[in-house]
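Here are my notes on the model you sent over, as a set of numbered points. Have the viewer open while you go through them.

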Amino acid sequence: MKRRGFLAFMGMFPWAASAQSVRHGRVKLELPVLADNGNSVPMKVTVESPMTEADHVKLVRLISERNPERQMAVFHFGPRSGAAEVTSRVRLAGSQTVTAIAEMSDGSQWMDSAHVQVTLSACVDES
Amino acid sequence: MTTRREFLKISAAVGGGLTVGFHMPFASAQPQVLSPEINAWVLVRPDERVIIRYARSEMGQGSMTSAAQLVAEELGCDWKKVHVEYVDTNAQVRRKRVWGDMASVGSRTIRNSQEYLRKGGAQAREMLVAAAAKGWGVEPGKCKAANGVISGPRGRKTTFGKVASAAAKLTPPENPKLKDPKDWTIAGKPIPRVDIPDIVAARIRYGIDAQLPGMAYAAVAQCPVFGGTVKSVDEAVIQGRRGVMKVLKFDDTVAVVADNWWRAKEALKALPIEWDAGKNGAVTSDTIKEFLRAGLDAENDVVVAKQAGDVAAALKDAKVIEAEYYTPYLAHCTMEPMGCTALLKEGRLDVWTSTQNAEASHAAAAATAGVPLENVYVHRTQLGGGFGRRGGAQDFVRQGVQIAKAMEGTPVKTLWTREEDMQHDFYRPVSMTRFRAALGEDGKPVALYSRVAAPSIIATLLKLPLKAGIDPQAVAAIADQPYQIANVRMEYAQRNPHVPVGFWRTVGHSQNPFMRESFIDELAHAAGKDPYAYRRALLPADSRERKILDATAKAAGWTKSPAKGVHRGIAVTEAYGSYTSAVCELSVSDKGAVTIKRLVLGVDPGHAVNPDNILAQMQGSSVFMLSALFWGDITIKDGRVEQSNFNDYRVLRLAEMPKVELVLAPTGGFWGGIGEPGQASIAPAVCNALFAATGKRVRSLPLNKEGFELA
Amino acid sequence: MTARIRIPKEAKRGEVIRVRLLVQHPMETGYRLAPDGVKVPKNVIRSLVCRYNGVEVFRAEMSPGIAANPFLEFPIVAAESGELEFTWVDDDGLKGRATEPISVAG
C-alpha cells in the first residue's frame with residue numbers, strides 16, 4: 001500500500017490519532033501468498049516486546065483493505081500474556097493487503113502488512 | 001549443448017539455487033538453471049537465446065506472443081532468438097509472487113501487464129548495456145543496444161550472450177526509460193505467434209496430453225441436477241471388470257478409476273447410481289423465465305444501479321416505448337473438455353491441467369490435497385480453449401486432486417466426456433431486461449428506464465459481497481450506457497436460479513449490448529431516423545464510442561445504399577476498456593434463411609501490439625458469437641441441462657463462416673483488451689440488420705427459435 | 001455452542017504457554033446466499049474474553065473477517081493453578097462459555 005493511500009485509509013479510523021506515527025517494524029504478520037478462496041486463510045501475528053508491566057503490547061488491530069468491515073479483529077494483550085502473538089483464520093473478500101497495527105503501552109504504534117492473492121476472485125480483481 | 005567448462009562457468013555465476021537433476025516429469029520447458037537471470041522476465045543464454053517469461057495463459061488468444069513482443073521491444077534483442085517460457089507457479093510462490101498476476105481473464109493480460117513487462121525488458125537492456133560499458137570502461141550513455149548487439153564508442157561491439165552473466169550481477173535500475181510506441185519495431189507488428197510451429201508440427205501439448213508412467217484414468221459422473229447428491233452406488237455390479245481399480249464416491253460425484261479411460265468410462269456407464277435430486281428437480285427453462293419476469297415486476301429485492309434526473313416524471317403522460325429482452329444460458333464448449341492429471345506422492349503434489357490461472361490451480365490443488373503451497377507443482381501447457389471456463393472455477397482441479405489423493409502414489413488423469421462437460425458448466429447467465437423510454441419532439445430519448453433481472457456471478461460463484469447489491473457484470477453496458485439522456489433509471493433485480501453461472505467470454509457484454517443496442521434501434525425506428533445518425537447524435541462529440549462508430553460505418557459504406565435485397569444493422573459499445581462497433585450486411589429469404597454478406601468489426605484498443613492477432617481475435621469472436629446468436633440455448637428440464645453434445649448444441653462450421661473485415665483504429669492514450677470486446681457489438685448489428693430486412697424485431701435469443709436460420 | 005480448549009497438561013510456574021481455542025460458530029457475514037437464494041443474516045461472535053482465575057488475560061473483538069468456527073491460539077504466563085474461563089457473545093445475543101483447568105507446578 002503506497003504511503004499516501006495508507007494515510008488516507010488510516011484517516012478513516014478515529015483511534016489512529018496520528019496516522020503519521022505508525023511505524024513499520026516490531027510486528028510480523030504472516031499470511032500465505034496464495035489462498036484458493038478467501039473463506040479461511042491462516043494468519044499469525046507476532047510483536048516483539050518484553051511484555052512487562054512497563055513495556056508491553058496493549059492490543060493488535062487487524063485491518064482489511066477490502067472487506068466490508070475494515071477492522072477485522074482487535075486482540076488485547078497485557079503483561080500476563082507473556083508474549084504478544086495470536087494465530088487465527090481470517091476471511092478475505094478478495095485479494096488484498098492485510099495490515100496489523102500494534103499499540104504499545106507507551107502509546108507508540110507499529111505495523112506490518114502482507115498481501116494475499118485470493119485466486120478465486122482473480123476474475124474481478126484489478127491487477 | 002553446453003560443455004562442462006561452460007556449465008561450471010555459468011553455474012558459478014548463478015550462485016546459490018542450482019537445482020540440477022530435480023524430478024520434472026513431462027516437462028515442457030528446459031531447466032532454467034543454466035542461464036543467468038537478468039531479472040524475473042529475461043534470461044539470456046550464452047548461445048544468444050533470449051528466454052522471455054510468460055506468467056499468464058495461452059488458449060489461442062495470442063497473448064503469449066504479444067506479451068513477449070512488449071518485453072523484446074524494450075530489451076532490444078533479436079526476435080529470432082526469443083523463446084517464450086511459462087512461469088513456474090512453485091517459483092512464483094517461493095519468490096513471493098515476483099511475476100504478479102497470472103490470470104488470463106477479463107481481457108487483461110496485455111493491458112494490465114504492459115507497463116511492468118516493458119519495464120522488465122527495458123531494465124534488462126540497461127543492465128546488459130551497463131555490463132558491456134563497464135567491461136569497456138566507457139559511459140553506458142555512449143552505448144546502444146539493438147537486435148541483441150551492443151555497440152560502444154570507437155566501433156566496439158559485443159552481444160547480449162557474452163555480457164549476460166556480468167549483467168545479472170548488476171543492480172536493476174528502478175526507473176528504466178520506455179520507448180514511445182511510435183518507435184516500436186517488434187511490438188505493433190503482425191508477428192506470427194510463437195506457438196505456431198509447435199501447433200503445426202503437432203508438438204504442442206495441452207493439459208489433456210499429460211502422460212505419465214503407471215498412470216490411471218478416472219471417468220466421473222456428477223449429479224445431473226445441480227445441487228443434488230449421490231444417494232447410493234452399487235459397486236457390486238462392476239466388480240471384477242477388467243482394469244477397474246477403484247470406485248470413489250464424493251458428495252455429488254462418482255468416479256471410476258481404471259487402467260485406461262475407455263474402461264473407466266464403460267464401467268461408470270454400467271454402474272448403477274442413485275441420485276438425490278435435492279430441491280431443484282422440478283425446475284425448467286419456463287419456471288426460470290417466470291422467476292426472472294417476477295423479478296422485472298418485483299418491488300422488493302431490487303437495487304438502483306444508476307439514476308439521473310426523474311424518469312418517473314418524464315415517462316408519465318408520455319408515449320412510452322416499452323420492450324422486454326431475453327438472453328439464454330450458454331455453454332463454453334471448449335474443444336478440450338474439463339480434466340486434470342495429478343500425482344500426490346510423499347507430500348509432493350504435481351498437477352497437469354489446462355487453466356486460465358495457474359496460480360488459482362496451484363492454490364486450489366494445495367487446499368484440496370492439504371499440502372503446503374511450496375510442495376505443489378503445476379505443470380504449464382497451452383489450453384484447448386478457455387473462454388472463461390477455466391479461470392475462476394477451478395472445480396476440475398479440485399476434483400482431479402481429490403481423486404489423486406484417494407489414489408495416493410499413482411498419477412491419475414481425470415477426464416470429462418463432452419456430455420459431462422456440457423452438463424456441468426458454469427453457464428453464461430440467463431437474463432431478462434425491461435426497457436421503457438419516451439422520445440422528445442426531436443425524436444431523441446428524454447427518459448430511459450431499464451431493469452435487469454439476472455443471476456449474479458460474483459455473489460454465487462465468487463461468493464463476494466456486492467457493493468450496494470449491484471453486480472457490475474449483470475448490468476454492464478446498461479447501467480453505464482454512453483448515450484446522452486437526461487433522465488435515466490437503471491435497476492437490478494438479482495435472481496439466482498439453481499443453475500451454476502460463471503464467466504463466459506465477454507460476460508455481461510455478451511448479452512447486454514444486444515439488448516441495449518436493439519432497443520436504441522427501436523427508438524431510432526420510432527423516431528423515423530437512420531440508426532447510425534441517431535446514435536451519432538446521442539454520443540458525446542469527442543467520445544471514443546463515436547469515433548469508432550464513425551470509422552466502422554465509413555468502412556462499411558453506410559451512407560451508400562446497399563445492393564437490392566441486402567440490409568444493414570449497426571451497433572456500438574465499450575467493453576473491457578476497448579471501444580467496439582459493428583456493421584452487418586445480410587439478406588434474408590422469405591423462409592428466414594439468413595446469409596451474412598459482410599461483417600465489419602471496428603475496435604479501438606488504444607494500442608495495438610499485434611494487429612494480425614487482433615484480426616484473429618475478431619474472427620474468433622465472430623465464430624463464438626454467431627454460434628451463440630443462431631443456436632446457443634442451454635435449456636433446463638427436470639432440473640437438469642437437456643443438451644449434451646454438438647448434435648443438440650450447434651456451433652458454426654467452417655463453410656458457414658462469413659468474411660470478417662476489421663477496422664483497427666487505436667487512438668492511443670489508453671490500453672484496452674482484445675480477447676473479449678470483439679463479441680460485444682456483433683449480436684445487435686446482426687439483429688438490427690434482420691429488422692431492417694424483415695421488419696421483425698428480435699428480442700429473444702437464439703435466432704433459430706425466432707424463425708431465423710443460417711442459410 | 002461447543003468449544004474445544006487445548007493447553008499443555010502441566011506447566012512450570014512462570015512459563016509462557018500457548019492456549020488453543022476452537023469455537024463452533026458459523027460467523028455469518030450477511031452476504032452468504034442460502035440454497036434458496038436468500039441472504040443469510042449477519043451473525044458473528046463479536047467479543048470473546050479469556051479469564052485466568054477471574055482475571056482477564058486475553059480478549060478478541062471479532063468481525064465477519066474472522067473465519068467460521070473461530071480458531072485462536074495465543075500465549076499466557078502460567079502463573080498459578082486454577083481455571084481458564086472463556087466467555088463470548090454473538091450478534092444474536094447468544095452467550096457461550098467454556099472452561100479448562102490449568103495445572104501449574106513449581
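1. What share of the 127 residues in chain A is buried? Buried residues come to 51%. Keep in mind throughout that this is a predicted model. Chain A has 1 helix and 9 strands, and going from the N terminus the order is α-β-β-β-β-β-β-β-β-β. As for contacts in chain A with a separation of 6 or more, 62% are between residues 24 or more positions apart.

2. Because 6 of its 8 residues are buried, E5(A) is largely enclosed by the rest of the structure. If you want to check this by eye, the cut-off for "buried" is 20 or more other C-beta atoms within 10 Å of the residue's own.

3. Now for the partners of that strand. E5(A) is joined by 7 bridges to strand E8 of chain A, residues 96–104, and the two run antiparallel. The link from E5(A) to E6(A) is a hairpin of 6 residues.

4. On to chain C, which has 0 helices and 9 strands. Its pattern along the sequence is simply β-β-β-β-β-β-β-β-β. The C-alpha atoms fill a box of roughly 60 × 20 × 20 Å along the principal axes. Of the 106 residues in chain C, 31% count as buried. Among the contacts in chain C with a separation of 6 or more, 57% come from residues 24 or more positions apart.

5. Strand E7 of chain A, residues 84–90, is joined to E6(C) by 2 bridges, and the strands run antiparallel. The pair to click on is A:Thr87 with its bridge partner in E6(C), C:Glu73.

6. Chain A meets chain B as well, in a contact that takes 16 residues from chain A and 25 residues from chain B. Helix H10 of chain B, residues 358–369, provides the largest share of the chain B side, 6 residues. The residues on that side of chain B are 13 nonpolar, 7 polar and 5 charged.

7. Chain B itself is assigned three stretches to keep track of: domain 1 (4–200), domain 2 (207–278 + 338–415) and domain 3 (285–330 + 426–710). The C-alpha centres of domain 1 and domain 3 of chain B lie 41 Å apart, and 19 residues of domain 1 are in contact with 19 residues of domain 3. On the domain 1 side, helix H2 (63–75) and helix H4 (109–136) of chain B are the elements giving two or more residues. H2(B) gives the most, with 4 residues. That side of domain 1 has 7 nonpolar, 9 polar and 3 charged residues.

8. Last stop: a helix pair in chain B. Which way do H14(B) and H19(B) cross, left-handed or right-handed? Their crossing is right-handed. Helix H14 (residues 512–527) and helix H19 (residues 682–694) of chain B pack at an angle of about 35 degrees, and their axes are 8 Å apart. Among the residues that meet are B:Phe514 and B:Asp521 from H14(B), and B:Cys687 and B:Phe691 from H19(B). By class, this contact has 6 nonpolar, 2 polar and 2 charged residues.

Key: Residues are numbered from 1 along each chain as its sequence is written. Chains are lettered from A and ligands numbered from 1 in the order in which they are written. This is a predicted model: local features need pLDDT of at least 70, side-chain atom pairs count only at pLDDT 80 or more; totals for chains, interfaces and linings use all residues. Two residues are in contact if their C-beta atoms, placed from the backbone, lie within 7 Å. Ala, Val, Leu, Ile, Met, Phe, Trp, Tyr, Cys and Pro count as nonpolar, Asp, Glu, Lys and Arg as charged, and the others, Gly among them, as polar. A residue is buried if 20 or more other C-beta atoms lie within 10 Å of its own, exposed if 12 or fewer, and partly exposed in between; C-beta atoms are placed from the backbone. Two strands pair if DSSP finds at least two bridges between them. Axes are lines fitted to C-alpha atoms, for helices over the stretch in contact, and angles run from 0 to 180 degrees between N-to-C directions. A crossing is left-handed if the near helix is turned anticlockwise from the far one by less than a right angle, and right-handed if clockwise. Domain bounds come from an automatic or database domain assignment.
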